[in-house]
Amino acid sequence: MKYIDDFLEYLLVVKKHSDNTITNYRVDLLEFNTFMNDKLLEVCKDDVSNYLKNLYDNNISKSSISRKLSSLRSFYNYLIKKEIININYFAMVKNPKKSGSLPKFVKDDEMHKMFSIPDTRTWIGMRNLLIIRMLYATGLRVSELVNIKLNDLNINDHTIRILGKGSKERIVVFGNHTEEALEDYLNRGRRQVDFHGSPYLFLNKDGNRLSTRYVRKIIDDIIFKASIEHHVSPHMLRHTFATGMLNNGADLVSVKDLLGHESLNTTSIYTHVSDERIKEVYNMAHPRAK
């Protein structure tokens with residue numbers, strides 16, 4: 001539909017949203033368009049209510065419903081700005097309350113297992129070790145990781161310039177272990193596949209930039225070989241970074257800036273993880289806790 005295509009182009013060109021975000025918007029909007037039988041401009045309050053009921057009846061998760069509502073709310077706001085419609089019925093609908101589940105993170109012993117898996121005698125092993133070390137050390141989103149360019153790196157200062165959501169630039173910091181893996185990959189690994197003089201740090205066997213999907217495949221393979229029985233997503237390494245920083249004394253504002261969050265409210269979820277860890281340690285250690 002023309003209006004959907006125009007809106008997605010607006011998100012890409014004006015709002016500078018990532019490809020992954022635009023894909024999600026497209027899926028949500030096309031899904032609602034099907035529900036409306038191609039009559040997006042004729043939506044009424046009852047349509048919105050029926051659509052929500054349909055989502056709940058199909059056991060769609062609260063987080064997915066919130067995302068879909070956000071997509072539709074933004075789309076109809078765009079149509080109002082373009083003076084195509086007069087009212088946004090999705091602006092009247094609140095997102096479902098979050099269940100309060102805490103972000104999951106990877107334990108220290110599991111991280112050590114993961115670090116031991118890549119075979120650094122090969123360029124692929126050097127690259128894969130650097131990927132998990134960098135995700136763990138910096139809290140980067142996978143979309144940010146794959147877009148790192150060589151000129152974003154300052155190895156002497158242990159920093160990387162990152163272009164995050166909404167094209168907002170920030171600086172992240174990495175430690176000595178990541179520096180060792182980075183120099184190893186740059187000096188011995190990456191040059192073996194840099195056939196085209198790519199500006200990107202992480203390359204595939206054809207010398208092209210890695211995709212976010214392939215990074216997830218790399219993580220899945222490492223998890224399998226490390227015999228870690230629960231699912232570990234790349235985003236869990238971001239959670240692990242944030243939780244570890246707060247547990248070891250970092251202030252919330254610094255963690256917010258390193259993660260690239262716009263609001264402290266988003267970062268504050270990790271303080272609850274820290275609180276839970278404190279309770280766990282207390283219950284294990286205090287003789288009168290039980």
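Q: What span should helix H4 have, and how far apart are its end C-alpha atoms?
A: Keep in mind that this is a predicted model. Helix H4 covers residues 62–81, and at 1.5 Å a residue its 20 residues should span 28 Å. The end C-alpha atoms of H4 are 28 Å apart, so the two values agree.

Q: What follows H4?
A: Glu 83 does, and its phi is positive, near 60°.

Q: Back to H1 and H2: at what angle do their axes cross?
A: At roughly 160°, and the axes come within 10 Å. That angle is over 145 degrees, so H1 is roughly antiparallel to H2. Their crossing is right-handed.

Q: Which residues meet there?
A: From H1, Ile 4, Phe 7, Leu 8, Leu 11 and Leu 12 meet residues of H2 including Ile 22, Tyr 25, Leu 29 and Leu 30. By class, the contact has nine nonpolar, one polar and two charged residues.

Q: New topic: how do the axes of H5 and H6 cross?
A: The axes of H5 (residues 108–116) and H6 (residues 123–138) cross at roughly 155° and come within 10 Å. These two helices are therefore roughly antiparallel to each other.

Q: Which residues make that contact?
A: Asp 108, Met 111, Met 114 and Phe 115 of H5, with Leu 129, Ile 132, Arg 133 and Tyr 136 of H6. They divide into six nonpolar, no polar and two charged.

Key: Residues are numbered from 1 along each chain as its sequence is written. This is a predicted model: local features need pLDDT of at least 70, side-chain atom pairs count only at pLDDT 80 or more; totals for chains, interfaces and linings use all residues. Side-chain values use heavy atoms; hydrogens and water are left out. Helices (H or I, at least four residues) and strands (E, at least two) are DSSP runs, numbered from the N terminus. The expected span of a helix is 1.5 Å times one less than its number of residues. Axes are lines fitted to C-alpha atoms, for helices over the stretch in contact, and angles run from 0 to 180 degrees between N-to-C directions. Angles under 35 degrees count as roughly parallel, over 145 as roughly antiparallel, 65 to 115 as roughly perpendicular and the rest as oblique. A crossing is left-handed if the near helix is turned anticlockwise from the far one by less than a right angle, and right-handed if clockwise. Contact means heavy atoms within 4.5 Å. Ala, Val, Leu, Ile, Met, Phe, Trp, Tyr, Cys and Pro count as nonpolar, Asp, Glu, Lys and Arg as charged, and the others, Gly among them, as polar.
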